[in-house]
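Colleague: I would like to learn how to read the aromatic residues in a model like this one. Could you walk me through it, starting from a single side chain?

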Amino acid sequence: MREEMQDASQLPSSLDIFEAFAKLISNSFTICNAEMQEVGVGIYPSMSLLNHSCDPNCCIVFSGPHLLLHAVRDIKAGDELTICYLDMLMTSEGRRKQLRDQYCFECDCFRCQTQDKDAAMLAGDKKIWKEVQESLEKIEDLKAHQKWEQVLAICQTILSSSSERLPDSNIHQLKVLDGAMDACIHLGQLEEALSYAIRTLEPYRIFYPGNHPVRGVQLMKVGKLQLHQGMFPQAMKNLRLAFDIVKVTHGREHSLTEDLILLLEECEASASTP
């Protein structure tokens, strides 16, 4: 049988492979579901032209594999459209490092220059939050494998020992609270999930100001938990706040917005029932 050998000169070089990989890393978008959970990666060439800002005037959300760009505040004619390439639960140093390592540029925006919100993000006993930071990688790995009982056990241990020495605004403590909330939701422990979720609301208001999709989704989670526990006035307040954000960040036709409308209707009906 005749074997066909490919000319070695036609094979891509290591430099070609590296260049292709670098283009993928620099121009890809993490595809998220309606609740802003990562589910994949996609290439969207036109949207890759948008520049980064730590205080962007636009946001990106997904409807299935379709990428949607929405303005989150009024934009004047001639102003550049910007998006944030990062999760905002990062200090200015962390943001700068990731932007430098992944996108090869230095961010000199106002937020990075003034180290806006860094003090709140790293508040509390440094030794304790360093220890909490080290545990987060294990928590994320367990979450990826849906080992929710183990996630909850680790989060509860951390929170019981750190709560008096770390404020909920500390970003490492906040991520543990989120982990505990998610674990409780998956395990059906909704009352306990709400106790953790409530503690995240004020930090989310501080770190995700204005119309930010992540804060909208968090408010929706809290409102939904309150609704299921018969806390109708509190649920209505948070669901309305969520709706005010999501109708801007996701648009009125998005499935998440439609879900919120149904939750609001359910809450109104339940509250009016004797």
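Modeller: Happy to. Keep in mind that this is a predicted model. Let us begin with Y103, which counts as buried, its relative accessibility being 17%.

Colleague: Why does Y103 count as buried at 17% relative accessibility?

Modeller: The general idea is a cut-off: a residue is called buried when its relative accessible area is under 20%. Y103 has 17%, so the label "buried" applies.

Colleague: And Y85, how exposed is that residue?

Modeller: Y85 has a relative accessible area of 23%, so Y85 is partly exposed. The range for that label lies between the buried cut-off and the exposed one, which is over 50%.

Colleague: How many aromatic pairs does the structure hold?

Modeller: There are four aromatic pairs in the structure. One of them joins Y85 and Y103, with 4.7 Å from centre to centre and 50° between the planes, a tilted arrangement.

Colleague: Where in the chain do Y85 and Y103 sit?

Modeller: They come from distant parts of the chain, 18 residues apart. Y85 is in the loop between β6 (82–83) and α2 (92–103), while Y103 belongs to helix α2 itself.

Colleague: Which geometry does the pair of Y85 and F105 have?

Modeller: That pair is edge-to-face. To read the angle, remember that planes over 60 degrees apart get this name. Here the planes of Y85 and F105 make 80°, and the ring centres are 6.4 Å apart. Distant parts of the chain are linked again: F105 is in the loop between α2 and α3 (110–114), 20 residues from Y85.

Colleague: Is F105 buried or partly exposed?

Modeller: F105 is partly exposed, at 28% relative accessible area. Putting the rings together, Y85, Y103 and F105 are linked into a cluster by ring pairs.

Colleague: Now the whole chain, please. What share of its residues is buried?

Modeller: Of the 274 residues, 40% are buried. The secondary structure consists of eleven helices and six strands, and the C-alpha trace spans about 80 × 55 × 45 Å along its principal axes.

Colleague: What should I look at for contacts across the sequence?

Modeller: Take the contacts with a separation of 6 or more: 58% of them are between residues 24 or more positions apart.

Colleague: And the surface?

Modeller: The accessible surface is about 15,700 Å², and carbon and sulfur atoms account for 52% of that area.

How values were computed
Residues numbered from 1 in each chain as written. Predicted model: local features only at pLDDT ≥ 70, side-chain atom pairs only at ≥ 80, totals over all residues. Heavy atoms only, no water. Helix = DSSP H or I, 4+ residues; strand = E, 2+ residues; numbered from the N terminus. Buried < 20%, exposed > 50% of the residue type's maximum accessible area, 1.4 Å probe, protein only. Contact = heavy atoms within 4.5 Å. Areas by Shrake-Rupley, 256 points an atom, 1.4 Å probe, with all protein chains shown as cover. Phe/Tyr/Trp six-rings, centres within 6.5 Å; stacked < 30°, edge-to-face > 60°.
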